[in-house]
Amino acid sequence: MKAAAGADPLREMLRKPEYRKALVFCALIGVPVSLVAFWFLAGLHEVQHLLWESWPHHLGWSRPPWWWPFPPLAVAGVAVGSVVKWLPGRGGHVPAGGLHPGGTTVRALPGIVLAAVAGLPLGVVLGPEAPLIALGGGLALLFRDLARAPASQQGDTLLTAAGSGAAIAVIFGNPLVAAVLLMEVAGVGGPQLFAVMLPALLCCGIGSVVFTGFGRWTGLKTGSLSIGLPAPPVLDTGDVVWSILAGVVIGVVVHRITAGGVWVAVRAAARPLPVAVVCALATAGCAALYTAATGRTPADVVLSGQSALGELAGDPHAWSVGALFAVLAFKGIGYTLCLGSLRGGPIFPAVFLGGAAGVLMAPLPGFGLVPAMAAGMGAAVVAALRLPISGTVLVVLLLGHSGSIPVIVLAAVTAFMTAELLPLPRHPVPSG
């Protein structure tokens with residue numbers, strides 16, 4: 001009877017013509033929003049490729065020289081700082097505060113697009129996911145106005161969520177990840193959701209570890225849903241122990257990075273233009289020092305790290321131990337500076353830093369490259385976003401298999417708990 005009674009409100013809502021019209025309208029606006037998001041991302045990628053690969057090659061360099069990041073990042077600092085200071089919406093949310101749903105207006109769209117275009121491909125150590133969420137939500141409201149549809153607070157919430165989902169699914173290439181991410185970002189259920197889901201997620205990971213262990217120790221079979229795809233290396237005790245320890249260490253480090261970003265954001269709130277320029281040039285300096293010390297491209301330090309992560313996973317032995325420590329240090333500093341002063345998303349730099357840390361941890365006794373990178377990426381992205389379920393799903397998507405889910409879950413939950421229990425920054429993150 002309780003189940004039937006609980007289903008009545010949902011049944012009544014689905015029967016309302018207004019709600020069904022809203023669903024149809026959301027489906028219709030998903031097409032243009034997705035197309036705009038696609039061309040937006042394609043444009044960012046083309047500019048980035050031109051600036052950091054094609055131009056240096058045409059000028060006779062095999063990689064950009066050490067001084068290369070200074071001109072584009074100087075332009076990025078001036079442009080983004082000017083948008084934040086003078087345009088409506090201040091270029092979007094401050095990335096040090098994580099991802100935010102809603103709050104985007106049609107008037108803020110030009111500033112959000114300009115801040116992303118003038119910053120991300122020029123070397124800002126942030127990703128495009130936050131501008132995409134804002135772009136999708138703002139475009140949905142714009143199409144509603146063009147269609148002269150009635151406006152309401154509930155309808156606006158529905159439209160911005162739908163538009164943001166259509167846009168963010170483009171970059172992840174997976175609607176499930178986008179849906180889970182937006183549900184967690186929107187805070188449906190509030191702190192109670194985390195209070196229930198965190199132990200459930202942890203128990204799922206532990207149950208998977210025990211299940212895998214008993215399967216190996218006893219040789220017994222319980223049936224499988226596998227369809228025969230190649231499996232990653234079988235997990236062992238070392239993978240589990242080191243992934244938990246990695247979650248603690250990475251949780252502390254990423255917490256300090258985000259706290260530093262908040263510190264920068266507080267100062268940028270009063271003087272956005274000069275702080276943005278100084279932080280952009282300091283990020284360029286980090287890239288220059290990295291190149292001088294390692295002989296590698298400064299693009300390892302600047303940009304979101306999305307392309308460099310693929311190179312790292314494909315050929316980790318191309319990176320020396322010194323280069324890995326250097327990229328963690330210099331990209332971590334640049335990430336901190338950009339989180340507080342510029343505009344973009346916090347996901348991909350955190351994923352790259354976690355992956356690089358995982359490569360360093362891989363030689364530990366009983367660990368391995370695949371579980372180490374999986375644990376590192378899961379711990380870093382969850383500590384940065386404070387979204388344990390979304391972070392886990394995203395890393396599983398990036399790996400392309402489910403064999404490392406137990407260590408991802410253990411590292412993610414440990415990092416989440418570690419970051420949440422550490423002291424909060426003294427000042428709140430400025431709203432924009």
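**Notebook: a helical chain and its cavity**

I began with Val 117, which I found in helix α4; helices here are DSSP runs of H or I with at least four residues, strands are runs of E with at least two, and both are numbered from the N terminus. The model is predicted, so I note that local features need pLDDT of at least 70, that side-chain atom pairs count only at pLDDT 80 or more, and that totals for chains, interfaces and linings use all residues. Residues are numbered from 1 along each chain as its sequence is written, and side-chain values use heavy atoms, with hydrogens and water left out.

**Entry 1: Val 117**

I then listed what Val 117 is in contact with, leaving aside neighbours within four places in sequence, and found Phe 40, Leu 44 and Leu 122, where contact means heavy atoms within 4.5 Å. I also looked up the pair Val 117 and Gly 344, which are 227 residues apart along the chain and have C-alpha atoms separated by 9.9 Å.

**Entry 2: the chain as a whole**

Of its 432 residues, 49% count as buried. Among contacts between residues at least 6 apart in sequence, 79% join residues at least 24 apart. The chain exposes about 20300 Å², of which carbon and sulfur atoms supply 70%; accessible areas come from the Shrake-Rupley method with a 1.4 Å probe, and for residues only the protein chains shown count as cover.

**Entry 3: the cavity**

How many cavities of 30 Å³ or more does a search of the whole structure find? I have one, and the volume of the largest cavity is about 70 Å³. Twelve residues line the largest cavity, and those closest to its centre are Val 84, Arg 90, Ala 268, Ala 269 and Arg 343. The elements giving two or more residues to this lining are α9 (237-270) and α12 (321-341), and the largest share, three residues, comes from α9. For the terms, a cavity is a set of points, on a 1 Å grid over the protein atoms alone, where a 1.4 Å probe fits but cannot get out, and lining residues have an atom within 4 Å of a point. Grid points are joined across faces, edges and corners, and a volume is the space filled by probe spheres set on the points.

Although Arg 90 is not a glycine, its phi is positive, about 55°, and at 26% relative accessibility it counts as partly exposed. Leu 303, in the loop between α10 and α11 (306-314), is not a glycine either and has a positive phi of about 70°. At 6% relative accessibility, Leu 303 counts as buried. I noted both since most residues other than glycine have a negative phi.

Thr 283 lies in helix α10 (residues 272-294) and counts as buried, with 0% relative accessibility. Leaving aside neighbours within four places in sequence, Thr 283 is in contact with Leu 73, Val 125, Val 302, Gly 334, Leu 337 and Cys 338. Val 266, in helix α9, is partly exposed with a relative accessible area of 26%. Its C-alpha atom and that of Pro 428, 162 residues along the chain from it, are separated by 8.0 Å.

The 18 residues of α5 (residues 129-146) should span 26 Å at 1.5 Å a residue, and the end C-alpha atoms are 26 Å apart, which agrees; the expected span is 1.5 Å times one less than the number of residues. Because 13 of the 18 residues of α5 are buried, this helix is largely enclosed by the rest of the structure. Arg 148 follows α5 and has a positive phi, near 55°.

Helix α15 (residues 388-399) has twelve residues and reaches 17 Å from its first C-alpha to its last, close to the 16 Å expected. Among the buried residues of α15 are Pro 388, Ser 390 and Gly 391. Gly 400 follows α15, with a positive phi near 80°.

Technical notes
Buried means under 20% relative accessible area, exposed over 50%, partly exposed in between (1.4 Å probe, protein chains only). On a 1 Å grid over the protein atoms alone, a cavity is a set of points where a 1.4 Å probe fits but cannot get out, and a pocket is an open set with protein on both sides within 12 Å along at least five of seven lines; lining residues have an atom within 4 Å of a point.
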